[in-house]
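I opened the model and kept notes as I went. The entries follow the order of my look-ups.

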Amino acid sequence: MTFSERMLKIDRRVIFLVIGLCTLLPLLYPVGLPIRISSEVRGVYDHIESMPERSVFFLSLDFDPASKPELHPQAIALLRHAFRKNLRVVAMTLWVSGTGLADQIMTQVAKETGKENGKDYVFLGWSPGSTAVIINLGQNLYNTFPSDYGGKPTKGLPVLDGVQSLRDINYMVSLGAGNPGVEAWYVFGKDKYKFELGGGCTGVMAPGLYPLLRSGQINGLIGGLRGAAEYESLIGQKGKAVAGMDAQSATHVAIIVLVMMCNMFYFSLRQQKRLG
Amino acid sequence: MPFESIFGAWVATGLTLFIFSFLYRDNPLFKLAEHLYVGVSVGYTIVKAYDTVIVHLIVKPIFEQGEFALLIPVAIGLLMLTRYMPRAAWMSRYAFAFIVGVGSGLAIPRTISSFILKQIEDTVRPVLSVAGGDGVTFTMNLLNPASNLNAVIILIGVSSVLFYFFFSIEHSGPGKVVARTGVIFLMIAFGAAFGYTVMARMSLLIGRLTDLMEFSDASYGRPTLWLLILTIAALVVISRQSSGSRPKEE
């Protein structure tokens, strides 16, 4: 068996080990590679930055723990930014399996920034109906969510002062890991009730959302862990996403090298067979 | 540190390592973690749905606030359950008809407006721009999505990909060139999607490893270290047992 043949039949567990080490070592010994801010992430940041104090920022945390590594840092960074700008935050989720996680994120960041439940923010929880919930919210928020996640009646909450429906919010961001997510909020929300919409998503979904970005259907997009790292850099509070960027780069380099080596061995083997 | 945080760290670490053990080979530890994941997520969803829908949106409004109009959607919903009774199963068709009708009515116009008309509008952009009313310009900036060069690339890409999927004409001669161009555009799109998928999967790995590193701290009782030793030991035992029980070749 030639060297090329042996390399092409290498035990897959060796590749797992290489990828594992390429991820683990930069996490243990970070080098702090520079992070370039993309225009799509800046779109979301700039819009929140331009909002006056006490404007209504609506955040839909449409993901569950399976997408936590990518969307949790995005949610934390967005909430830190919104609370720092003293915006009123109204949050909810369209994913029943993400309710507990969304509540934990809201409580954590609110506690960290000293914000008060009901006055500065409210977590509405989950309501059944998927996309129909968005349409209902566009008609009447209080009928869709008569009480918040903690069971407190939503009518009369200072944070919802002057807010009757989606038409009264100033900016909305959906952090989506699938359907319903960013697309649903555009189709059933923004397109019908005319509010400004930004998006955050997992890396897998990002290529599918770029057409919405280019056509102006969403004004910004935070894509995957990389997008979260860019947002953390923009707000100047580096967290888990920035910490993971070295590992991300190292694994990408490892994968590129593996693909190149695999092709090299494949063509070398083919050449050897042709020559006899 | 509160007990629930320490307990949660041990459970999370153990389940992560059990799932990762599949990278070595399929084993009972992986199966345990997999079944737990399915069971817990289904159980969580059922409890949340029961509490939100049955308790807060049906029982409380009807019995405490007297909103009897809610009995209509409840009745439609209950019709679905007739699927389990063969003699009354036909009644569930009314509920399904209602859901399909309302769902289609809501989704079709909105989807056509959002994804087809808006995207066509964005695709059909002028190839040349009028600058200041006295001349035409052609912007070459590849990094600017609104540049004329990108409009031309999109025009070529959309036309050639659509032609590739047009099977009524044989793809030969000039048609073959157009179809081949379509394939190149498709390959670039697939490559970009795959690249993002790799990035997403690596992010998940980074997330788990970050947690494992955090839980290796003494304040949690070093669950990463102890459970890693335990998992490796269990894998060795399972591996030996399975090789011992394999029938010897004559």
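**Entry 1: domains of chain A**

I began with the layout of chain A. The C-alpha centres of domain 1 and domain 2 of chain A lie 39 Å apart. Domain 1 of chain A takes in 3–30 + 246–275, and domain 2 of chain A covers 39–238. I note here that this is a predicted model.

**Entry 2: the sheet**

Next I traced the strands. Chain A has an open sheet of six strands, in the order β3-β2-β1-β4-β5-β6, with parallel pairing. I looked up the edge strands: they are β3 (121–126) and β6 (221–223) of chain A, and each pairs on one side only.

I took one pair for a closer look. Strand β2 (residues 88–93) of chain A and β3(A) pair in the parallel sense over four bridges. Which residue is the bridge partner of Thr93(A) in β3(A)? I found Trp126(A).

**Entry 3: helices on the sheet**

Helix α8 (residues 182–193) of chain A lies across β1, β4 (171–176) and β5 (197–201) of chain A. I read its angle to β5(A) as about 160°.

I then followed α8(A) to a helix partner. The axes of helix α6 (residues 131–139) of chain A and α8(A) come within 9 Å and cross at roughly 20°. The two helices are therefore roughly parallel to each other. I noted the hand as well: α6(A) passes α8(A) in a right-handed crossing. From α6(A), the contact uses Thr131(A), Ile134(A), Ile135(A) and Gly138(A). From α8(A), I listed Ala184(A), Trp185(A), Phe188(A), Gly189(A), Lys192(A) and Tyr193(A). By class, the residues of this contact are six nonpolar, three polar and one charged.

**Entry 4: backbone checks**

Most residues other than glycine have a negative phi, and most peptide bonds are trans.

A cis peptide bond joins Asn179(A) and Pro180(A), with omega about 0°. I located Pro180(A) in the loop between β4 and α8 of chain A. Asn86(A) is not a glycine, yet it has a positive phi of about 60°. I placed Asn86(A) in the loop between α4 and β2 of chain A.

**Entry 5: the side of chain B that touches chain A**

I turned to the contact between the chains. It takes 35 residues from chain B and 40 residues from chain A. On chain B, α2 (28–65), α4 (92–123) and α6 each supply at least two residues of the side that touches chain A. Which helix gives the most to that side of chain B? The look-up returned α6(B), with 16 residues. Sorted by class, that side of chain B has 19 nonpolar, twelve polar and four charged residues.

I compared how two helices of chain A meet α6(B).

I took α2(A) to start. The axes of helix α2 (residues 12–28) of chain A and helix α6 (residues 174–214) of chain B come within 10 Å and cross at roughly 50°. The pair is therefore oblique. I recorded a right-handed crossing as α2(A) passes α6(B). In α2(A), Thr23(A), Leu24(A) and Leu27(A) make the contact. They meet Met202(B), Leu205(B), Ile206(B), Leu209(B), Thr210(B) and Met213(B) in α6(B). I counted by class: seven nonpolar, two polar and no charged.

Then I moved to α4(A). The axes of helix α4 (residues 68–84) of chain A and α6(B) come within 8 Å and cross at roughly 80°. Are α4(A) and α6(B) roughly parallel or roughly perpendicular to each other? They are therefore roughly perpendicular. Lys68(A), Pro69(A) and Glu70(A) in α4(A) meet Ala200(B), Ser203(B), Leu204(B), Ile206(B) and Gly207(B) in α6(B). I sorted this contact too: four nonpolar, two polar and two charged residues. Ile206(B) is listed in the contact with α2(A) and in the contact with α4(A).

Technical notes: Residues numbered from 1 in each chain as written. Chains lettered and ligands numbered in written order. Predicted model: local features only at pLDDT ≥ 70, side-chain atom pairs only at ≥ 80, totals over all residues. Axes fitted to C-alpha atoms, helices over the stretch in contact; angles between N-to-C directions. Parallel < 35°, antiparallel > 145°, perpendicular 65-115°, else oblique. Left-handed = near helix turned anticlockwise from the far one by under 90°. Contact = placed C-beta atoms within 7 Å. Nonpolar A, V, L, I, M, F, W, Y, C, P; charged D, E, K, R; others polar. Domains from an automatic or database assignment. Pairing = 2+ DSSP bridges.
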